[in-house]
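I opened the notebook on a structure that is new to me.

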Amino acid sequence: MALLNQFLKNMFRFAPLIFLIILITPLVLVLLSLFGEYNDNWNHLYNYVLPNYVVNSILLILGVSVLSTILGVGTAWLMTNFDFANKSWLEWAVILPLAVPPYILAYTFTGLFDSYGSANELVKTLFTLDENYAFFPNVRNIFGAIIVFAFTLYPYIYLTTRMAFINQSRSLIEAGKLLGFNNWALFFRLAVPLVRPALIAGLALVIMETLSDFGAVEHFAVQTFTTGIFRTWFGMYDLNTAMQLSSILMIFIVFFILIERYERNRMSFTYAGSTFKKTSKKKLRGFKSLCAFVFCFSPLFIGFILPIIELTNWAIFYPSEYFFSTNILNSLFNTATMGLIAGIICTIFALFINFLNRFGGGNFLKLSSQFLSLGYALPGLVLAVGIIQFFSLIDNNLTKYFLGFSLVGSLLGLVLAYIIKAYALANNTIESGFQRISNSIDDVSLSLNGSKLKIFFKVHMPLMKTSIFTSFLLVISEVIKELPATLILRPFNFDTLAVTTYIYAAEERMYEAASPAIMIVLTGLIPIIFLSQLIRDSRPGKS
Amino acid sequence: MKNINVLSTLLALSIFTNFVFLSEVNIYTSRHYDSDVMLYESFTELTGIKVNIISSKSQALIERLRSEGSNSPADIFITVDAGNLWKAQNYGLFRRINSKKINEIVPKNLRGENNEWIALAKRSRVIFYNKDIYSKADLQGLSYKDLSSPKWKNKIAIRSSNNLYNQSLVASMIAKYGESYTENWAKGLVENFARKPQGNDRAQIIAVANNEADLAIANSYYLGLMLSGKKGEKQLNAGKKVSILFPSQNEEGAHINISGAGIIKSSKNYDNAIKFLEFMLSEQAQKHLVENTYEYPINKNVEPSALISQFGLNFKENISKVSDFGKFNSAALKLMDRVGWQ
């Protein structure tokens, strides 16, 4: 019995560690390129294009950060503290854009706003303007890209800061009021500084996703660091240099993660000893209510309603027999299955890692867990190369002789890719969930002679229900949208919705792409709606 | 009871289908056309050989093939652009295609040196002009080289240098005229751009139809696609306004590129793969290809689609080795970077 206990104890300690090592190996393989050869292409990159890539990427990140912060924090603050027109449904609807992948918004944007796009045509018809007149400015530039990313990704900031605003001690805000702060001062001098760690956690996700994107920036012809990676690989046929560039991108992200860590470590005070009272939301009337409504509605409109309208427009224009064809239904089934599998594994894994870390899992565990978060920022296609190299290493030395099938091109590769890609989402959510549980709870439980595992199942799990579910849903929504890694790692005849969309969109056959694209958004909506439900119900101090 | 019946029928069916499809051919392709999938289905109907597909980006597929090595389940790699075939050949991914039938159909300059790969269809990168503004006589004899002349300042629409077709065009210029000449040429061409490169090939043709540019450089089959009405009325009307000029008819000839395929070295279904390629070159398949993608056929017994042959059939093709594009692709890309071709 003692032996069994010992074994179990060790297994719980080592199994996650081994799993973690497997997961970071593809990333390490990408990073190893840094220690390889540096060829002549670097000269060319350095002299002609790299400065441009870097400047564009920085401008893009800055623009997206500012805009998504305004949208995310603004809506979160309004929802938490005020009552205004239509708020009851906006409160959950405002995160719907998370179901729209940036590349799909980009495609619909050009469909709408190109000089002969449907929005311009509509304006022309309405006001009987000259045929060559274009009312809307060109979107195929960095500003268009900033708008696309900000309006699809701001929900990450809304989610994190909303949680923080909700958990913010009302007494602090009331103290501010007593000190004579008006609403603006309350917002800028008290509320925002207090949720800064949450804001940065959300922002880190936004930035990582922006940097890893290829589809949207490619479509807008904005030359970023990531398009540079693919130009080098596809155009110069130089995968090695492309991997080196990707590694630099990852190192750059480490910098953001370090900031995020630093901020998160300061977060503890936010929750300490807060007493929650039922909030008294201020009721806005008339013009103010309208302003609040417009502010919250416009991101929803641009990031969700507008693309849906345009996609529907396309789908109707090109009535496709595909909508409920076996092909699309198969893709839907594959997408849902992969989403569920990845969601469950990724969340359980993040739970275990963070649980071990809570009881001093050791520096290696901590570091490698953070390292794994980098996967989120790595362009999917580069991650896929890491996985393929890793798997063929195993295939050539092991499975070939023992198992008679190869790992490359098996569903295992896809699951691995999804977990690496979405681990940052799960980890961020689970970690902040653990941090909200006071350490003294652990101490009390331990002193009551509970084992650590018992604490985990009896104390932590129930307290973290929301975080666990959130993590699960975020991972699913990421998997539904994931394209590039799926495209190259999948087995024969295995399509997901994103793949089906891509196959049409790659040829800019948007009419045909519309049906699967609508399916992506609709499928993505399911986890998102659950998620909205969670936020609404998560407010402590509710009566 | 009914349910059991249904179940057992299903079970029997699934066993049966597995039985029928014991024979298969595995394809990695970077062509994502529906019409290709229909072709694969008719191949299966004809031969009973099941076609399994993974479609993805060319370079990524090449990387997967390289990593898989001798474990690769793939039998055939299909891709567009000769540069990609050259790249795969250079990595030693292909084995010789031994088929008399294929050799008879595919001309030598559209095959790898030792039959490592073959062309399945051709396209030409041509000049589009607005029929209201220019007549054919106005542009007679225009060559790729002429496009850098100051005469065309702010008048040319072409897509970004990210695009493989442009890289191949520039690579073919390098192969023909050398790097420094081509660099000067590209510099002049960039100065003639009517706008920042944006959109796909069809967007360039539409720009010409809308007078945003005088000349557009794009692949031939896109006009066929627009004229077919499959892209909607707007594109159909735009397509009707433009015509094709085959460039460099007094010089090297119009730039030709291919969709092509090779058989993978580790192929476990070599015979099926040969059967498949022979089928793709058959009159039936070639007819289907040209009527759906508006590419030019490889099989001489098949005519191009009427939508595209109306612009001319007996134009002079640049018959230089298409594999040169691969050789000079990297140089072409760097050159385009240097002259600021976005």
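I call a residue buried if 20 or more other C-beta atoms lie within 10 Å of its own, exposed if 12 or fewer, and partly exposed in between, with C-beta atoms placed from the backbone. This is a predicted model, where local features need pLDDT of at least 70, side-chain atom pairs count only at pLDDT 80 or more, and totals for chains, interfaces and linings use all residues. Residues are numbered from 1 along each chain as its sequence is written, and chains are lettered from A and ligands numbered from 1 in the order in which they are written. Helices (H or I, at least four residues) and strands (E, at least two) are DSSP runs, numbered from the N terminus.

**Helix α2(B)**

I looked up residues 34-47 of chain B, helix α2. Its 14 residues reach 20 Å from first C-alpha to last, close to the 20 Å expected at 1.5 Å a residue (1.5 Å times one less than the number of residues). Which of its residues are buried? I found Asp36(B), Leu39(B), Tyr40(B) and Phe43(B). The buried residues of α2(B) fall within an arc of 100 degrees seen down the axis, so they line one face (the arc is that of the directions from the helix axis to the C-beta atoms). The face turned away from the buried side of α2(B) carries exposed Ser35(B), Met38(B), Glu41(B) and Glu45(B). Just after α2(B), Gly48(B) takes a positive phi of about 75 degrees.

**Helix α8(B)**

I then turned to α8 of chain B, residues 179-191. Thr182(B), Trp185(B), Ala186(B) and Leu189(B) are its buried residues. They cover an arc of only 100 degrees around the axis, which puts them on the same side of α8(B).
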